[in-house]
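Take a moment to turn the model around on your screen before reading on.

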Amino acid sequence: MDEATQSNAELLEWPKKDKRRFLHAVYRVGDLDRTIKFYTECFGMKLLRKRDVPEEKYSNAFLGFGPEQSHFVVELTYNYGVTSYYIGTGFGHFAIATPDVYKLVEDIRAKGGNITREPGPVKGGTIVIAYVEDPDGYTFELIQRASTPEPLCQVMLHVSDLERSIKFYEKALGMKVVNVYRPDNYDIAMLGYAEEHETTVLELIYKHGVTEYTKGNGYAQVAIGTDDVYKSAEVVNIVTQELGGTITRQPGPIPGINTKITSFLDPDGWKIVLVDNQDFLKELE
């Protein structure tokens, strides 16, 4: 093994040792206050923080089921004057775990929510689920679980080659496959940093024979914490050369905020941002 190969092999061990967790999912909405109202009243989320950036003509709101220091949250972006977005066919859904799907669905229905799948067991199984749409058309799967430390528990994306995507997320991001399902016409992999019932996971779905999806302009990215943005970016650079994808922002501080990040696209063009753990905590102070 030559010196460069050995150096790369050592570097590829870094994501497995790194302290990583899902921080937030970022997507765009047409009316920030309307979405905040829906998420707090229908889903039971809390508004954690809100900021307006008039010089850039956008506003943000962060919502979730617990503090950002320890929970996965959604980051909603409202761009001044833009009232709707095309979600596309590639983005699938977010998921919320709840002790009683039937009750939550009735609460959402009473508040005028759009139920797109009535509650009941999954096909061929016993887990009770339902689907609802938020005011912008983003789908949320509701999953019945007795208890969970992280109710905001999934981000689902379609991919064109599941085995390639699994390798990418294992090697570039240090995720583990925590579950695989193969229902009719689909292959599904759950990937994350702990077991499915303990934390947020990425649900990747390959629909047999479908290799192209539209991205739309609504869903943006997921952010993941890291102890070393620079070393993590080196790993991503090696993995993209093997499996596809591209770095879209070299590692370094964001001007004006000084939080160090790097961003990249996976082989299907889904964006991931890696954020320095310590800088992120300072942002929240």
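Predicted model: local features only at pLDDT ≥ 70, side-chain atom pairs only at ≥ 80, totals over all residues.

Residues are numbered from 1 along each chain as its sequence is written, and side-chain values use heavy atoms, with hydrogens and water left out.

Let's begin with the whole protein. The C-alpha trace spans about 65 × 50 × 35 Å along its principal axes. For 285 residues, a compact globule would have a radius of gyration near 19 Å, and the protein agrees with its 19 Å. (That radius is taken over C-alpha atoms, and the globule rule is 2.2 Å times the number of residues to the power 0.38.)

Now look inside. Of the 285 residues, 51% are buried, where buried means under 20% relative accessible area, exposed over 50%, and partly exposed in between, using a 1.4 Å probe and protein chains only. In soluble globular proteins, nonpolar side chains tend to be buried together. Here the largest nonpolar core has 64 residues, and Phe-43 and Phe-140 have the most contacts inside it. A second, separate core of seven residues includes Leu-23, Ala-223, Val-273 and Phe-280. Such a core is a set of buried Ala, Val, Leu, Ile, Met, Phe, Trp, Tyr and Cys residues joined through side-chain atoms within 4.5 Å.

Phe-43 also brings us to helix α3, which covers residues 32-43. From first C-alpha to last, α3 reaches 16 Å, close to the 16 Å expected at 1.5 Å a residue; the expected span is 1.5 Å times one less than the number of residues. Among the buried residues of α3 are Phe-38, Tyr-39, Cys-42 and Phe-43. An α-helix has 3.6 residues a turn, so residues three or four places apart point the same way. At the start of α3, a side-chain oxygen of Asp-31 comes to within 3.3 Å of the backbone nitrogen of Asp-33. After the helix comes Gly-44, with a positive phi near 85°.

Which residue does the side chain of Ser-263 meet in a polar contact? Its partner is the side chain of Thr-248, at 2.7 Å. A polar contact is a pair of N or O atoms within 3.5 Å; within protein, one must be able to donate a hydrogen and the other to accept it, and residues adjacent in sequence count only if both atoms are side-chain atoms. Ser-263 sits in strand β15, residues 260-265, and is buried, with a relative accessible area of 4%.

Next, find Leu-173 in helix α5, residues 162-173. At 0% relative accessibility, Leu-173 counts as buried. Leaving out residues up to four places away in sequence, Leu-173 touches several others, including Pro-15, Arg-20, Tyr-193 and Phe-264; contact means heavy atoms within 4.5 Å.

Finally, visit Asp-18, in the loop between α2 (14-17) and β1 (22-28). Asp-18 is buried too, with a relative accessible area of 9%. Its side chain makes a polar contact of 2.7 Å with the side chain of Arg-20, and reaches the backbone nitrogen of Asp-227 at 2.9 Å.

Note on methods. Helix = DSSP H or I, 4+ residues; strand = E, 2+ residues; numbered from the N terminus.
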